[in-house]
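Work through the exercises below with the model open. Try each task before you read its solution.

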Amino acid sequence: MKKVDVVLGLQWGDEGKGKVVDVLTPSYQVIARFQGGPNAGHSLHFEGKKYVLHTIPSGIFRDGSVNIIGGGVVIDPVILSEEIAKLEADGVDVAGKLLIAKKAHLILPTHRIIDAASEASKGKTKIGSTLKGIGPTYMDKTGRNGLRVGDILSPSFEERYRRLKEKHLEMLGQYDFPFDIDDYEKEWMKGIENLKRFRIIEGEHVVNALSNEGKAILAEGAQGSMLDIDFGTYPYVTSSNTLCAGVCTGLGVAPSRIGDVYGIFKAYCTRVGSGPFPTELFDEDGEKMRRIGMEFGATTGRPRRCGWLDMVALKYSVMMNGVTSLIMMKADVLNDFDKLKVAVAYRVNGQETTEFPYETNEEIVPVYKEFDGWKCDINGMRSYEEFPAELKAYIEFIERETGVPVKIVSVGPDREETIIR
Ligand code: GDP
Ligand code: IMO
Ligand code: MG
């Protein structure tokens with residue numbers, strides 16, 4: 001038996017999970033997504049090309065890999081089909097490498113409309129959803145109304161689709177929100193047919209059998225810990241468990257089978273969409289991070305909000321996930337900063353705390369510790385020894401505060417721009 005290792009984001013998403021999974025894949029035979037859906041956008045850069053994956057695990061480019069879309073994922077057959085078509089056009093043997101769990105729920109065209117109508121009705125308090133229908137699909141899952149991939153093989157599928165759609169149309173009557181799903185529905189039905197080309201599996205049995213056979217399995221998270229439905233900055237979160245616990249429910253893996261947990265974070269912070277972000281910058285420093293880090297959403301193209309590294313939130317995520325190794329991304333984006341700041345505590349309602357609080361929707365004033373910038377180009381460096389003393393001090397501070405070693409440092413988007421200690 002081999003334990004299942006996990007890669008997940010420790011901040012508000014977009015930490016660089018796609019790149020890290022791609023870098024780690026040579027050591028794994030199986031890559032499995034366990035939650036989320038096409039709200040995710042995972043970017044991979046190699047051999048001068050860039051790819052963005054939404055539903056497909058980031059191992060798909062490696063020869064001989066097995067890529068599983070687990071039961072905890074929600075699938076939009078239109079988006080998945082587009083993703084598959086792009087990969088196939090580039091010569092990737094998707095059918096040979098992709099397995100889809102029967103228990104994964106389907107995002108209906110009407111789920112997308114409900115998402116959009118609900119967001120529009122919220123006005124200023126909107127979540128900033130990617131509008132891919134994620135929330136409404138997970139609502140139907142927990143409400144026990146959902147349709148799953150395993151259902152598409154059943155003769156009653158069309159009838160069940162029709163009934164759920166009717167229910168959604170009734171709900172949409174409550175909103176003053178014009179929509180037309182005809183074209184999307186046609187594509188959706190084609191997408192459902194397309195799914196039948198792939199191996200549709202009993203995900204939990206397959207994953208456990210692979211683990212029993214001693215196959216190295218890597219679970220790939222989507223979003224980030226601070227967007228977790230239970231422990232994130234509620235209600236400004238996504239609708240799934242992005243934490244390590246989601247691996248157990250999303251893949252059917254027992255907690256005792258979880259191995260290494262790789263927690264990924266950027267050397268600073270970003271957030272896309274609304275919601276609390278204590279260390280957010282509204283000045284030239286934030287603008288500079290966005291410009292140099294090219295902080296624009298991989299799924300929606302929206303500019304990402306940028307700010308300093310937040311140790312209060314990071315330590316919370318490390319605790320909730322049982323992180324065993326840290327991976328720091330995008331340190332190169334900070335190459336040209338004279339001074340860096342890291343939040344080491346918050347002041348909330350006049351009280352100072354180092355514990356991530358419940359009161360995230362109140363005003364939070366970060367307490368900062370300042371660091372000297374390294375003021376040099378680290379992109380070309382390929383060993384920890386080459387790093388400037390200021391960068392080493394920054395990394396060693398993070399290791400001391402979290403009690404977890406930083407095992408990988410990423411100094412650029414390309415596969416090759418990675419330092420493994
Ligand atoms: P994910 O959702 O966690 O997979 O992350 P995204 O792909 O949405 O966003 C991360 C972005 O940062 C992508 O455009 C990556 O190509 C890029 N990236 C990843 N690692 C690094 C790095 O070390 N330095 C720089 N400059 N960019 C990086
Ligand atoms: P990856 O996997 C960053 C954010 C949205 C919004 C909130 C809810 O690429 O890191 P949803 O569409 O789930 O209803 O949106 O969560 N969000 C993400 N932010 N990266 C992601 O995925 C995200 N997926 C959702 O911006 O604030
Ligand atoms: Mg992303």
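Predicted model: local features only at pLDDT ≥ 70, side-chain atom pairs only at ≥ 80, totals over all residues.

Residues are numbered from 1 along each chain as its sequence is written, chains are lettered from A and ligands numbered from 1 in the order in which they are written, and side-chain values use heavy atoms, with hydrogens and water left out.

**Exercise 1.** Find the residues that surround ligand 1.

Solution. 
- Step 1: Apply the cut-off: a residue is near a molecule if one of its heavy atoms lies within 4 Å of it.
- Step 2: Count them: 20 residues surround ligand 1.
- Step 3: Pick out the closest, which are Gly16, Lys17, Ser43, Asp332 and Ser410.
- Step 4: Sort the shell by class: five nonpolar, eight polar and seven charged residues. Here Ala, Val, Leu, Ile, Met, Phe, Trp, Tyr, Cys and Pro count as nonpolar, Asp, Glu, Lys and Arg as charged, and the others, Gly among them, as polar.

**Exercise 2.** Look for N or O atoms of the protein beside oxygen atoms of ligand 1.

Solution. 
- Step 1: Start with side chains. An N or O atom of the His45 side chain is 3.0 Å from a ligand 1 oxygen.
- Step 2: Go on to Arg304, where a polar side-chain atom lies 3.2 Å from an oxygen of ligand 1.
- Step 3: Turn to the backbone. Gly412 has a backbone N or O atom 3.1 Å from an oxygen of ligand 1.

Note on methods. Polar contact = N/O pair within 3.5 Å; in protein donor to acceptor, adjacent residues only side chain to side chain.
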